[in-house]
Amino acid sequence: MNFFVETLVGGLLAGVMYSLVAIGFVLVFKASGVFNFAQGSMVLCAALTFVTLREKNIDFWLAALITLAIMVAIAIAVERVVLRPLVNQPQITLFMATLGLSFVIEGLSQIAMGASVHELDLGIVDTPIKFGDIQVSQFDLVAAATAGVLVVALSIFFSKTRVGISLRAIADDPQAALSIGIRLQTLWQIVWGVAGFVSLVAGLLWGARQGVQFALTLVVLKALPVLIIGGFTSITGAIVGGLIVGAGDSLAEIYLGGLLGGSVSTWFAYALAVIFLLIRPAGLFGEAAIERI
Amino acid sequence: MTLISSAEVADFAPARAPVRPRSRVWIGFAVAALVVFVGVPLLANDYWLNAILVPFLILSLAGLGLNLLMGYAGQASLGTGGFMSVGAYATYNLLLRLPQLPLPVSLLLGGVIAGLVGMAAGLLSLRIKGFYLVASTLATQFFLEWLFNQFGWFSNYSTSSSISAPRLAILGHDLSGPVGRYLLTLSAVTIVTAVAIRLVHSQTGRTWMAIRDMDTAASVIGIPVASGKLKAFFVSSLVIGIAGALWAFAYLGTVDARSFNLDRSFEVMFIIILGGMGSIVGNYLGAAFMVLLPILLDHVISGPLGGAIDAGQLENFQKALFGGLIIWFLIKEPNGLAALLSRCRQWLARRTAP
């Protein structure tokens with residue numbers, strides 16, 4: 001029983017790490033309707049930049065600030081060069097464009113900063129903490145707490161600030177929002193910038209856990225089922241979806257993996273997501289599309 | 001009561017666009033067939049046949065399969081690689097376990113099995129739409145990748161993960177040389193393309209386009225949406241399965257699950273988006289673009305800079321340039337190369353018209 005609870009808790013905490021990547025997706029999809037496949041390469045780019053700066057003995061906060069500046073610059077460039085000319089194109093074309101974008105970001109950041117594996121130390125001691133009989137990784141707890149803070153901050157940003165309210169207007173009805181003078185293009189830059197910030201946080205936590213390397217881009221494939229379960233438009237959904245996927249994944253690996261010969265985690269999360277979709281076709285917290293003829 | 005004569009009825013028939021005389025069209029077809037079936041094998045060297053023409057034809061076929069589903073029926077899918085692997089493994093097992101079947105029959109049956117698997121995956125499309133469907137087709141992709149890796153039965157308990165393909169022959173003619181493989185691929189592509197052209201102009205094709213344009217509206221006016229979607233998944237996966245079998249047997253010479261991964265799915269999707277959705281000729285243009293561009297980049301970059309930078313950097317540079325070109329192309333020609341071609345044709349027609 002202890003083993004079961006430990007696996008469950010470990011899975012839940014790992015799921016929060018998936019949520020972090022999924023939140024970046026949600027932000028961009030909500031504001032611009034773009035299914036941003038480049039989120040994974042943004043995570044890699046942020047982590048690589050940060051670790052390269054740290055290896056040059058730059059102070060932690062200064063390095064984070066410089067990385068953030070670079071991510072914002074990327075966001076502005078993406079809006080200018082990619083999104084603006086492609087406005088009003090079908091969503092699938094925009095999706096393909098972000099796929100091309102992910103090649104560009106991955107290629108360029110590895111040219112600039114190399115493709116070798118970097119160690120990233122955030123100064124979090126990774127000794128297990130005991131709660132009664134159950135051991136929990138301290139690193140996972142810190143990661144979960146960071147994600148929690150991020151979600152609260154983003155929720156306040158979206159519901160209280162002027163920018164956040166404009167964003168919700170755009171998500172609701174782009175035409176009406178434009179007609180009352182909301183600047184769509186500036187807001188897209190802001191959203192992609194915030195998504196860049198989220199990928200910086202995700203990149204730091206994932207990088208500290210796995211090492212900063214090309215495989216970081218693959219977290220995008222882990223975040224997709226999270227996104228399907230939670231719904232593309234809900235930050236709460238991303239968190240709940242992450243918890244479900246994390247718990248399901250690690251329990252399946254232990255209990256189902258033995259039956260089927262291992263490594264079920266490549267597809268189990270997707271199968272789980274599909275089951276959820278069959279019951280709720282727009283995710284748990286997504287908005288069901290109302291179709292008019 | 002007056003009887004309407006057939007001449008009067010004919011007047012109400014929709015006006016036909018002036019067509020070129022039939023004999024000239026057929027002469028054009030015959031010349032084209034002569035060039036690709038006889039001229040190319042005589043003139044092209046082994047490198048062109050093996051490394052460019054065969055993968056180009058197979059990727060065009062895979063593009064055609066996905067285009068039927070995505071461009072005509074409007075159901076986006078990222079399971080292409082998975083369906084290709086079903087076709088490849090099914091054909092391999094048919095050749096291995098039922099050696100008395102002739103090769104074309106095994107290929108077709110392999111395609112049918114892939115089609116059935118595709119139809120099962122397509123059941124999701126009855127409930128799920130849009131990007132949710134795209135993301136859930138990834139479930140099929142990853143499950144199939146895992147399945148063929150995990151269970152030895154599919155690869156006849158081969159110890160290495162790649163298995164060599166059986167000898168290719170039709171009626172005793174050996175097809176394992178470059179020319180033979182080219183002709184096998186070309187014949188398959190020609191036949192499937194002809195069937196696909198008929199299909200998209202048939203009742204089925206019109207049903208698909210109605211579903212693509214708006215499936216709710218289509219269902220309101222009584223179009224059978226569910227069966228139309230499943231049919232689209234079946235036909236599309238059948239074509240993709242044949243493409244996968246050809247990829248394994250006529251191109252690689254081995255059946256290897258790793259060559260049918262998610263990157264392959266993305267590649268085929270790029271082909272139809274760059275070529276043009278809802279266009280048959282676009283698949284060929286897109287596939288030519290996707291096959292030739294990396295080779296071209298390789299020559300351009302490694303020519304003057306060869307040896308100056310190491311291979312890893314070169315690869316990164318190529319990747320970034322490739323991504324950049326894709327974005328540039330999507331911006332410049334969002335309707336694909338097929339739209340560019342038809343504009344060229346109109347321009348030429350205006351120029352040559354009296």
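Trainee: Why does A:Asn57 count as exposed?

Mentor: Count the C-beta atoms around its own: A:Asn57 has 7 neighbours inside 10 Å. The rule says buried for 20 or more other C-beta atoms within 10 Å, exposed for 12 or fewer, and partly exposed in between, with C-beta atoms placed from the backbone. With 7, A:Asn57 therefore counts as exposed. A:Asn57 sits in the loop between α2 (39-55) and α3 (60-83) of chain A. Its phi is near 65 degrees, a positive value in a residue other than glycine.

Trainee: Before I go on, what kind of model is this?

Mentor: It's a predicted model, where local features need pLDDT of at least 70, side-chain atom pairs count only at pLDDT 80 or more, and totals for chains, interfaces and linings use all residues. Residues are numbered from 1 along each chain as its sequence is written, and chains are lettered from A and ligands numbered from 1 in the order in which they are written.

Trainee: OK, then is B:Pro99 buried or exposed?

Mentor: B:Pro99 has 9 C-beta neighbours inside 10 Å, so it is exposed. Look for B:Pro99 in the loop between α4 (80-97) and α5 (103-122) of chain B. In sequence B:Pro99 and B:Gly79 are 20 residues apart, and their C-alpha atoms are 29 Å apart in space.

Trainee: And what makes A:Ala269 buried?

Mentor: A:Ala269 has 30 other C-beta atoms within 10 Å, so it is buried. A:Ala269 belongs to helix α12 of chain A.

Trainee: Which residues does A:Ala269 touch?

Mentor: Leaving out residues up to four places away in sequence, A:Ala269 touches A:Lys222, A:Pro225, A:Val245, A:Gly248 and A:Asp249. Touching, or being in contact, means that the two C-beta atoms, placed from the backbone, lie within 7 Å.

Trainee: How do you know that B:Phe270 counts as buried?

Mentor: B:Phe270 has 22 C-beta neighbours inside 10 Å, so it counts as buried. You'll find B:Phe270 in helix α11 (residues 262-275) of chain B. Not counting residues up to four places away in sequence, B:Phe270 touches A:Met96, B:Met290 and B:Ile326.

Trainee: What does each chain put into the contact?

Mentor: Chain A puts in 38 residues and chain B 36 residues. On the side of chain A that touches chain B, α4 (91-113), α9 (219-230) and α12 (268-279) each supply at least two residues. The largest share of that side, 14 residues, comes from α4(A). By class, that side of chain A has 28 nonpolar, 8 polar and 2 charged residues. Here Ala, Val, Leu, Ile, Met, Phe, Trp, Tyr, Cys and Pro count as nonpolar, Asp, Glu, Lys and Arg as charged, and the others, Gly among them, as polar.

Trainee: Why is α5(A) called roughly antiparallel to α8(A)?

Mentor: Start with the angle: helix α5 (residues 138-160) of chain A and helix α8 (residues 184-210) of chain A pack at about 175 degrees, with their axes 11 Å apart. Axes are lines fitted to C-alpha atoms, for helices over the stretch in contact, and angles run from 0 to 180 degrees between N-to-C directions. Under 35 degrees is roughly parallel, over 145 roughly antiparallel, 65 to 115 roughly perpendicular, and the rest oblique. That angle therefore makes α5(A) roughly antiparallel to α8(A).

Trainee: Which residues meet there?

Mentor: From α5(A), A:Phe139, A:Ala143, A:Thr146 and A:Leu150 meet A:Val198, A:Val201, A:Leu205 and A:Arg209 in α8(A). The residues of this contact divide into 6 nonpolar, 1 polar and 1 charged.

Trainee: How many helices and strands does chain A have?

Mentor: Chain A has 12 helices and 2 strands, while chain B has 14 helices and 4 strands. These are DSSP runs, numbered from the N terminus: helices are H or I with at least four residues, strands E with at least two.
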